[in-house]
Amino acid sequence: MVIKGSSRGQTKSNTRELANHLMSSENEEVRVLQLDGVATDNLHDSLEEMRLLSLGSRTRKCLYHSSINITSDESKRMTDDRWLEAVQELETELGLSGHQKAIVIHNKKGREHCLASP
């Protein structure tokens with residue numbers, strides 16, 4: 001399992017670009033696994049809501065976008081519950097537990113991976 005991440009979401013266009021990337025039609029399958037702590041069930045609106053909530057703070061980039069990439073062997077064992085466990089462990093390690101989050105599962109070129117913005 002390889003995890004990489006970056007901070008994003010400084011502007012409305014940043015959140016829109018991230019949502020477009022997460023929902024890209026280049027993927028064979030895209031599904032929103034979870035939206036937590038937000039008032040909408042729409043990914044674009046959820047990321048924008050997270051950005052708007054950050055405006056009262058000193059943060060410049062309100063979203064942490066992480067990509068959890070697994071091997072094809074690991075993919076055979078992954079369930080939604082295991083993806084949620086992986087994101088929860090990442091949140092704990094990064095000190096982001098309790099924050100809003102969006103979790104999207106991609107399948108691209110036969111390779112499944114998880115993208116989370118906790």
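This is a predicted model: local features need pLDDT of at least 70, side-chain atom pairs count only at pLDDT 80 or more; totals for chains, interfaces and linings use all residues.
Residues are numbered from 1 along each chain as its sequence is written, and side-chain values use heavy atoms, with hydrogens and water left out.

User: In what order do the five strands of the open sheet lie?
Analyst: Helices (H or I, at least four residues) and strands (E, at least two) are DSSP runs, numbered from the N terminus. Two strands pair if DSSP finds at least two bridges between them. The pairing in this open sheet is antiparallel, and the order is β1-β3-β5-β4-β2.

User: Which strands stand at the edges of the sheet?
Analyst: An edge strand here has a single partner strand, so one side of it is left without a neighbour in the sheet. The twist averages 15° from one strand to the next. The strands at the edges are β1 (2-8) and β2.

User: Which residue in β5 is the bridge partner of S67?
Analyst: Strand β3 (residues 63-69) pairs with β5 in the antiparallel sense, over four bridges. In β5, the partner of S67 is L115.

User: At about what angle does α4 run to β3?
Analyst: Axes are lines fitted to C-alpha atoms, for helices over the stretch in contact (heavy atoms within 4.5 Å). Angles run from 0 to 180 degrees between N-to-C directions. Helix α1 lies across β1, β2, β3, β4 and β5 and runs at about 20° to β3. Helix α4 also lies across β1, β2, β3, β4 and β5, and its angle to β3 is about 130°.

User: Is A86 buried or exposed?
Analyst: Buried means under 20% relative accessible area, exposed over 50%, and partly exposed in between (1.4 Å probe, protein chains only). A86 is found in helix α4 (residues 80-94). With a relative accessible area of 15%, A86 is buried.

User: How many residues apart in sequence are the parts that K108 and E26 tie together?
Analyst: A salt bridge is a side-chain nitrogen of Lys or Arg within 4 Å of a carboxyl oxygen of Asp or Glu. The side chains of K108 and E26 form one, at 3.4 Å from N to O. K108 lies in strand β4 (residues 101-108) and E26 in the loop between α1 (12-22) and β2 (29-36), so the parts tied together are apart in sequence by 82 residues.

User: Which element holds E91, a salt-bridge partner of K101?
Analyst: The side chains of K101 and E91 meet in a salt bridge of 3.3 Å, N to O. K101 is in strand β4, ten residues from E91, and the pair links distant parts of the chain; E91 is in helix α4.

User: What is the relative accessibility of E91?
Analyst: K101 is buried, with a relative accessible area of 11%. E91 also counts as buried, and its relative accessibility is 5%.
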